[in-house]
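Please keep the sequence and coordinates at hand while reading.

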Amino acid sequence: MSLHTLTIHQLREKLRRGNVSAREATQSLLDRIQSVDGKLKAYLWLDAEDALAQADAIDRSGIAKNGKLLGGVPVAIKDVINVEGQPCTCASKILKGHTSVYDAFVVQRLREAGAILLGRTNMDEFAMGSSTENSSWGITHNPWDLERIPGGSSGGSAAAVAADEAFAALGSDTGGSIRQPASLCGCVGFKPTYGRVSRYGLVAFASSLDQVGPFTKDVADGALMLRVLAGHDPHDTTSVPQPVPDYTAGLGKGVKGLRIGLPKEYFIDGMDREVEAAVRAAIKKLQDLGAEIVEISLPHTDYAVAVYYLIATAEASANLARFDGVRYGARVTGEDVIDMYGKTRGAGFGPEVKRRIILGTYALSAGYHDAYYVRAQKVRTLIRQDFEKAFERCDVIVTPTSPEVAFRIGEKTDDPLKMYLCDIFTISVNLAGICGVSLPCGFTNDPRLPIGLQVLGKPFGEETVLGVAHAYEQATEWHKARPNL
Amino acid sequence: MQYEAVIGLEVHVQLKTKSKMFCGCATEFGGSPNTQVCPVCLGYPGVLPVMNEEAVSKTIRTGLMIGSKVAGFSKWDRKSYFYPDMPKNYQISQYDLPLCAEGAVEIKLDGGKTKAIGVTRAHLEEDVAKSTHFETTSGVDFNRAGVPLMEVVSEPDMRSPEEAFAYITALKEILVSGGISDCDMEKGQLRCDSNVSVRPIGQKEFGEKVEIKNMNTISGVRRALAYEIQRQTAALQKGEKVSQETRRWDDAAGRTFVMRTKEYAHDYRYFPDPDLMPVVVSEEMIAAARKLLPELPEAKRQRFIKQYGLPEYDAGVLVADTALAGYYEKAAVASKNPKAISNWVMTELLGKLSEAKRTIGECAIQPEHLTELVALVDGGQISGKIGKEVFAEMFDSGKSPGLIVKEKGLVQVSDTGALEGFVNEAIAKSPKSVADFKAGNEGAINFLKGQVMKLSKGKANPQLVGEILQRKLRGG
């Protein structure tokens, strides 16, 4: 049996017993990447020698054998999170050649837990997109059908985990960028509560929405990763000083007596019929396991996409202003400094990033600020209140992750609005700041493509969400299916 | 027609904190370029700001000193514009909810009158880097980027360059005395922009407002305003219009130049910074700031006059320099003769310091040694003349006056036996003066006194010498 197909908890068991070494686990992944990544292009950067050197150091220190949560486990990192000494380009030409000078908080946590920092995964430029087609460095392919997109923006991380090219990967989720690709690639993707995980070292897209989270092969691995990543960081004042529970120990309690809310606004016409059938079957399964189903309403759902594209782009327009060619990254010289800015940013940013910077700049401009930005903030409050009210009646909310399965490469690139609607079920979660997970719940028939189930919880309700997802996963086999590459 | 000026000032003050506003880098002035920097103040991808609480506390303290309302709830906003000295191309500042609103600074006018200049607001932000332009390139030093910067915005309450000058001087005095900032303009710790317009006297509406930048000294502010008021008045008298614009003061040329007109005004696109939580100022924080409030200069002046019996002039000079006032008070509070302490400080000490180009902080004389010196003179152990000699030695060596007097054997001679010897010698050597005295020229005794002092190397107690001489000359 090949090591690369294992889950983290399976691999950790072997490492702990001394049956395998960190080097063997790493080498197995490197071989797998060597054999399939030419087709998938999930990785942007990989230094095999460095990964093996990290593995050797871990083997020598005995960390792999002791109780460290991730001792000897290689983890892939989305190209938007800083790892000191590794490139960090956010899949953008404007950061071509840029090397991180410091570790993100989550990377420090991974190092402390004994993980090996394997390589950088592809993404939509600056995490803006739902298909990974906006990468400046090329397209990542869906492991279930190479003609299709892996979802986005964390498409590289999702494809890598789904194709056994990584035991786990980090992603970032601003409007669904972890959950949607997890759904489309058939793996588990967790978006923590805003403030649960530090954003320090995550290159900001929309600061009030961004959150780092893990991709894993099953829910138990998700719980393990979350335990490593979560916690207060004095360098991120939006991270919350709340104790981190042992998420792994909280699994296995079942769903008996739990109330599961179904938002009526989410089961709408236009949803892919196979997706709807799979999600309804999953709900039935949860009911069979003892959960109580209640209908709830999230009345402001219709406004979520509009609100999101005002707030996220407004914040992004300021966040991305620092990429100017003055201090780091690519520079195109000009006649004067203003000309240099224009040429550098004109050449460095791709079309979607430019579109969003312009949209956000507009939303904040004098004369429009109140009509767009301020109004969007008010509606955001209403959306958050929708969830607060809903959670008075239920413990978790269950929905499809995405209204459809993976689409063909190029299918939506000409229509940004169509692309934005891919995130219709995930965006509200970021606006409300709550937590959620996507996990496999079935396949379409022909072609055979994964379908994702989204489980949402209250702020800091990670344990409950993981518990429901785990109970469902234990009762089904979907998470064990692997693409044929 | 007669015109009057309407002036408002925006003063930027670098706060005296150990670290920068949103990271842990040092704020010290004068480091080699780009040595006090980190990923945060360089605006590297992925970094986040963490608020410096000391800077907030100092801004609150400032607000209390100028009678502001301190906001219970304040927040941070991003102010967007592109410039190479801005690491993020937005500045973290405070837009609609500043830490301090309203307040006033009192200034002194000619003839002893005072006037309150209103303060609209005082808010906190991060300083930008410093650009230096060379022949074909420019350099940016990010050591300054992120230093806590407080902006104090006045009401348009000033009517002349002199009032503006007095306002900055008074504000500076308050900020230095409160330990808020050193306000050294040469180090860029205090910078000033001005809004100025003119209008016919009697008119209620303001004229078109012109903003002036780049006034690097307080006297530069006065010159720039005088120039600009004259320029605008001349324009109006010719029937021309003054246009709303931003102008740059060129101190060498002695005039202002257009920087940008109204059409090119920035749209800063302010919005709340999502990386920072709002600032909730509790009653406890205000109470803590209140505890650290220094005495305001005017109150201190009055107290010095009362407590130490100083003339108004002395109190004014001492209080104008916070460090000097502190020094004086340390020496005066332990002394039986605080007025004498003031005399020593005002004449000897300030003279010596200015001669040596030193500040009071660099003075070798400990305040308690000055107390001791005054006690030695008052107690008759040394004469005033010897006291000056001892003072000079104290200034150079930092030794205590007692030690110097002992080492050099300067104790005043009051032993009448020893003094009589000196007197006899002087009388013997100066028969002419003795004859003059006896002939009725009483002033001749002074020459003899001087001779005795000379013979005693200045150590003779002058009062006793006088008595002995009188006795001998009259009796003899």
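## Chain B: overall build

Chain B contains 15 helices and 17 strands; helices (H or I, at least four residues) and strands (E, at least two) are DSSP runs numbered from the N terminus. The radius of gyration of chain B is 31 Å, well over the 23 Å that the globule rule gives for 476 residues, so chain B is more spread out than a compact globule. That radius is taken over C-alpha atoms, and the globule rule is 2.2 Å times the number of residues to the power 0.38. Along the principal axes, the C-alpha atoms of chain B fill a box of roughly 100 × 60 × 50 Å.

This is a predicted model, in which local features need pLDDT of at least 70 and side-chain atom pairs count only at pLDDT 80 or more, while totals for chains, interfaces and linings use all residues. Residues are numbered from 1 along each chain as its sequence is written, and chains are lettered from A and ligands numbered from 1 in the order in which they are written.

Of the 476 residues of chain B, 41% count as buried. A residue is buried if 20 or more other C-beta atoms lie within 10 Å of its own, exposed if 12 or fewer, and partly exposed in between, with C-beta atoms placed from the backbone. Among the contacts in chain B with a separation of 6 or more, 69% are between residues 24 or more positions apart; a contact requires C-beta atoms, placed from the backbone, within 7 Å.

## Domains of chain B

Chain B is assigned domain 1 (3–288), domain 2 (295–408) and domain 3 (416–475), with bounds that come from an automatic or database domain assignment. The C-alpha centres of domain 2 of chain B and domain 3 of chain B lie 33 Å apart. Their contact takes four residues from domain 2 of chain B and four residues from domain 3 of chain B. On the domain 2 side, these are one nonpolar, two polar and one charged by class. Here Ala, Val, Leu, Ile, Met, Phe, Trp, Tyr, Cys and Pro count as nonpolar, Asp, Glu, Lys and Arg as charged, and the others, Gly among them, as polar.

## Chain A: overall build

Chain A has 15 helices and 11 strands. Its radius of gyration is 21 Å, close to the 23 Å that the globule rule gives for 485 residues, so chain A is as compact as a globular protein of that length. The C-alpha trace of chain A spans about 65 × 55 × 45 Å along its principal axes. Buried residues make up 60% of the 485 residues in chain A. Of the contacts in chain A with a separation of 6 or more, 75% come from residues 24 or more positions apart.

Helix α9 (residues 304–319) of chain A has 16 residues and reaches 22 Å from its first C-alpha to its last, close to the 22 Å expected at 1.5 Å a residue; the expected span is 1.5 Å times one less than the number of residues. Of the 16 residues of α9(A), 14 are buried.

## Interface and cores

The contact between the chains takes 24 residues from chain B and 34 residues from chain A. The chain B side that touches chain A has 15 nonpolar, four polar and five charged residues.

The largest nonpolar core has 225 residues, and those with the most contacts inside it include A:Val75, A:Ile81, A:Val106, B:Val13 and B:Tyr167. Such a core is a set of buried Ala, Val, Leu, Ile, Met, Phe, Trp, Tyr and Cys residues joined through C-beta atoms within 7 Å. The largest share of this core, 10 residues, comes from α9(A). Apart from this core lies another, of 32 residues, among them B:Ile341, B:Leu349, B:Leu370 and B:Met394. Leaving aside neighbours within four places in sequence, the contacts of A:Ile81 include A:Ala104, A:Val106, A:Leu170 and A:Val212.

## Backbone features

The peptide bond from A:Gly152 to A:Ser153 is cis, with omega near 10 degrees. A:Ser153 lies in the loop between β3 (116–121) and α5 (155–162) of chain A. Another cis peptide bond joins A:Asp446 and A:Pro447, with omega about 0 degrees; A:Pro447 is in the loop between β10 (435–443) and β11 (450–457) of chain A.

A:Asp164 has a positive phi, near 60 degrees, in a residue other than glycine, and sits in the loop between α5 and β4 (168–172) of chain A. A:Asp164 counts as buried because it has 22 C-beta neighbours inside 10 Å. Phi of B:Asn214, also not a glycine, is positive and near 70 degrees. B:Asn214 is in strand β13 (residues 210–215) of chain B and, with 17 C-beta neighbours inside 10 Å, counts as partly exposed.

Note on methods. Contact = placed C-beta atoms within 7 Å.
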